Amino acid sequence: LPCARTPCCSSGNMTIRYPLCGILMELALQLQLRGMELGLGWLPRGANQPADDLTIFHFERFNPERRIDVEWSQLGFSALPALLVEGRGFLEEFRAARAGRADGSGRKAHGGEAPRVREPW
């Protein structure tokens, strides 16, 4: 997963963005089932242009004869289909709740008080 187009997904800074979080969970499960580990490294933006091109569907620099067509249903995912369904449902509920807020900000109105004033220790 190229980090130039996705939130940082390395140790200690995991993403919670949908659907990347489900993909990372599936990857972790598949690696665990095989007794494997994956070490991730970050590259600065532009250092891996082919990866950037893939994330924005620019396939011109790739040889079409080397492309492998696959069907999602044949990939043998263990957890990903259920995670995507649940994640999609949660995202729809979240968006509906956010749209229902009177001020449209998606945040609760607290009269402008800072949290330390509103909920002191």
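I started with the order of elements: from the N terminus on, the chain runs α-α-α-α. The secondary structure comes to 4 helices and 0 strands. I note that this is a predicted model.

**Whole chain.** I looked up burial next. Of the 121 residues in the chain, 12% are buried. The accessible surface comes to about 10300 Å². Carbon and sulfur atoms hold 56% of that surface. I then turned to contacts with a separation of 6 or more: residues 24 or more positions apart account for 50% of them.

**Aspartate 53.** I picked this residue in helix 2, which spans residues 49-55. Is aspartate 53 buried or exposed? I find a relative accessible area of 9%. The cut-off for buried is under 20%, so aspartate 53 counts as buried. I looked for a polar partner of its side chain and found the side chain of arginine 61, at 3.0 Å. I also listed what aspartate 53 touches, leaving out residues up to four places away in sequence: His58, Arg61 and Phe62.

**Phenylalanine 62.** Phenylalanine 62 sits in the loop between helix 2 and helix 3, the latter being residues 80-99. Its relative accessible area is 30%, and I log phenylalanine 62 as partly exposed.

**Aromatic pairs.** I counted 3 aromatic pairs in the structure. One of them joins phenylalanine 57 and phenylalanine 59. Their centres are 6.2 Å apart, with 75 degrees between the planes, and the pair is edge-to-face. I checked the exposure of both partners. Phenylalanine 57 is exposed, at 63% relative accessible area. Phenylalanine 59 has 35% and is partly exposed.

I then looked at tryptophan 72 and phenylalanine 77. Why is this pair tilted? The ring centres lie 5.3 Å apart and the planes meet at 35 degrees. Stacked needs under 30 degrees and edge-to-face over 60, so this pair counts as tilted. I looked up exposure here too. Tryptophan 72 has a relative accessible area of 59%. The cut-off for exposed is over 50%, so tryptophan 72 is exposed. Phenylalanine 77 stands at 30% relative accessibility and counts as partly exposed.

Key
Residues numbered from 1 in each chain as written. Predicted model: local features only at pLDDT ≥ 70, side-chain atom pairs only at ≥ 80, totals over all residues. Heavy atoms only, no water. Helix = DSSP H or I, 4+ residues; strand = E, 2+ residues; numbered from the N terminus. Buried < 20%, exposed > 50% of the residue type's maximum accessible area, 1.4 Å probe, protein only. Polar contact = N/O pair within 3.5 Å; in protein donor to acceptor, adjacent residues only side chain to side chain. Contact = heavy atoms within 4.5 Å. Areas by Shrake-Rupley, 256 points an atom, 1.4 Å probe, with all protein chains shown as cover. Phe/Tyr/Trp six-rings, centres within 6.5 Å; stacked < 30°, edge-to-face > 60°.
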